[in-house]
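Please look at the sequence and the structure below before reading on. The paragraphs after them are meant to be read with both in view.

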Amino acid sequence: MKSLICNNLNTSICFNSKAIGITYCTLTNASNGTGWPKISDEVFDGHAIDWNKFFELRTKEIEAIKSGTARRECQNCQQIEEADFEDDKKIHYILLSPWQVCNSDCIYCLGHAEPRKETDINYKEFYNDYVEPYDMLEIIKDMIRHDVLAPDCEIDFAGGEPTLYPKFDDILNFFIDNNFKNIIIHTNNIQYSKAIERGIKENAVSLMISIDAGTKKCHEKTKRVKSFDKVWHNFKKYSHAKKKDYTKRLCTKYVIVPGVNDDKKELEEFIKCSRKNGATQVALNVYNQLLNEMNYEEHLLKHLAEISDFWVRKAKENKLPYMFFPNIEYVYKKLNIHLP
Ligand SMILES: C[S@@+](CC[C@H](N)C(=O)[O-])C[C@H]1O[C@@H](n2cnc3c(N)ncnc32)[C@H](O)[C@@H]1O
Ligand code: SF4
Ligand code: SF4
């Protein structure tokens with residue numbers, strides 16, 4: 001029977017930074033800009049999650065949405081829909097994003113922190129704040145012990161830069177050891193990971209790599225670190241790790257920042273590098289803040305649609321499957337034209 005549901009609340013868990021903590025919801029309610037507060041102390045005491053309480057409280061929240069008495073954070077949320085849903089008391093999606101440390105400084109990215117050395121002053125405080133708000137590996141082991149993960153659970157690493165997290169390889173290897181095959185890693189690809197290589201070999205890992213440029217010069221302007229050659233070198237190594245039965249994605253991604261990387265030559269070179277180095281898909285986005293800042297000026301929307309059309313043409317010429325993020329879809333919708 002159909003009822004009001006939020007598929008995100010019903011299925012997910014989010015490991016966020018210390019300031020936010022662990023939450024049920026992995027998204028933001030676009031109608032009021034709110035996100036969820038951390039799960040309460042009675043569910044998570046700072047070390048372990050009481051899984052019975054976790055699901056008990058989740059069921060209560062699901063029931064509140066069903067009956068139209070959702071908490072403030074969920075009211076009028078874009079995710080609420082009328083659909084069938086059966087509460088199987090399992091987690092189907094994990095977002096792992098508890099650290100903001102990054103070795104890049106992308107011009108469009110808000111809220112990343114520079115890495116520090118252990119010998120730096122206040123390193124311990126920095127580590128506690130940015131890197132280890134709680135022991136994620138232990139919580140994940142506990143999840144497996146209590147069998148709370150659906151077998152096809154999607155595991156999504158983000159950040160900051162996930163490959164810099166000191167326990168990144170341990171966590172990824174642990175998921176692979178336990179036969180999870182639906183793992184996606186968002187990375188800038190500067191740091192090589194043996195665990196990612198293994199995940200690709202074993203057909204368990206997809207990569208979504210933020211590259212955002214086609215030439216070294218523009219990459220440096222967008223990412224604000226010298227890393228173009230390293231990124232493609234690592235990509236080639238991952239690509240060589242693929243076996244014949246690889247069915248996941250090695251996707252390269254481009255976030256358009258007008259005035260910085262919106263030259264057609266950059267978009268074309270990005271597609272060529274992606275093909276040459278073994279990408280199985282390319283993705284396009286425009287940075288989030290732009291849609292709010294530009295007041296939907298028609299000339300800018302048209303410019304974005306024109307370069308997106310060009311990018312699609314180049315992807316097709318290079319026989320690369322492509323995908324758009326919702327911001328690009330939104331541009332076409334605003335102009336009332338079909339997506340290419
Ligand atoms: C926050 S990053 C974390 C993972 C990793 N450091 C990376 O760059 O892929 C996750 C994704 O969000 C994208 N992103 C970050 N800030 C954005 C923004 N303002 N607008 C659109 N995408 C953004 C990045 O390009 C990246 O693909
Ligand atoms: S309704 Fe919106 S805010 Fe509430 S849990 Fe779902 S996605 Fe999050
Ligand atoms: S690499 Fe990722 S986290 Fe780092 S600055 Fe760029 S988008 Fe942000």
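The model is predicted, so local features need pLDDT of at least 70 and side-chain atom pairs count only at pLDDT 80 or more, while totals for chains, interfaces and linings use all residues. Residues are numbered from 1 along each chain as its sequence is written, and chains are lettered from A and ligands numbered from 1 in the order in which they are written.

Begin with the open sheet, whose 9 strands run in the order S3-S2-S5-S6-S7-S8-S9-S10-S11 with mixed pairing. Strands S3 (22–23) and S11 (322–324) are at the edges with a single partner strand each, so one side of each has no neighbour in the sheet. Strands here are DSSP runs of E with at least two residues, helices are runs of H or I with at least four, and both are numbered from the N terminus. Two strands pair if DSSP finds at least two bridges between them. Strands S6 (residues 149–157) and S7 (residues 183–187) are joined in the parallel sense by 3 bridges; Phe157 has Ile185 in S7 as its bridge partner.

The largest nonpolar core has 73 residues, and those touching the most other members are Cys6, Ile65, Ile94, Leu207, Cys251, Tyr254 and Phe270. Such a core is a set of buried Ala, Val, Leu, Ile, Met, Phe, Trp, Tyr and Cys residues joined through C-beta atoms within 7 Å. A residue is buried if 20 or more other C-beta atoms lie within 10 Å of its own, exposed if 12 or fewer, and partly exposed in between, with C-beta atoms placed from the backbone. Domain 1 (2–89) and domain 2 (92–248) both contribute residues to this core, so it lies between them; the domain bounds come from an automatic or database domain assignment.

Where is Cys106? Cys106 sits in the loop between strand S5 (91–96) and helix H3 (123–131). Cys106 is partly exposed, because 18 other C-beta atoms lie within 10 Å. The C-alpha atoms of Cys106 and Arg224 are 6.1 Å apart, although 118 residues separate the two along the chain.
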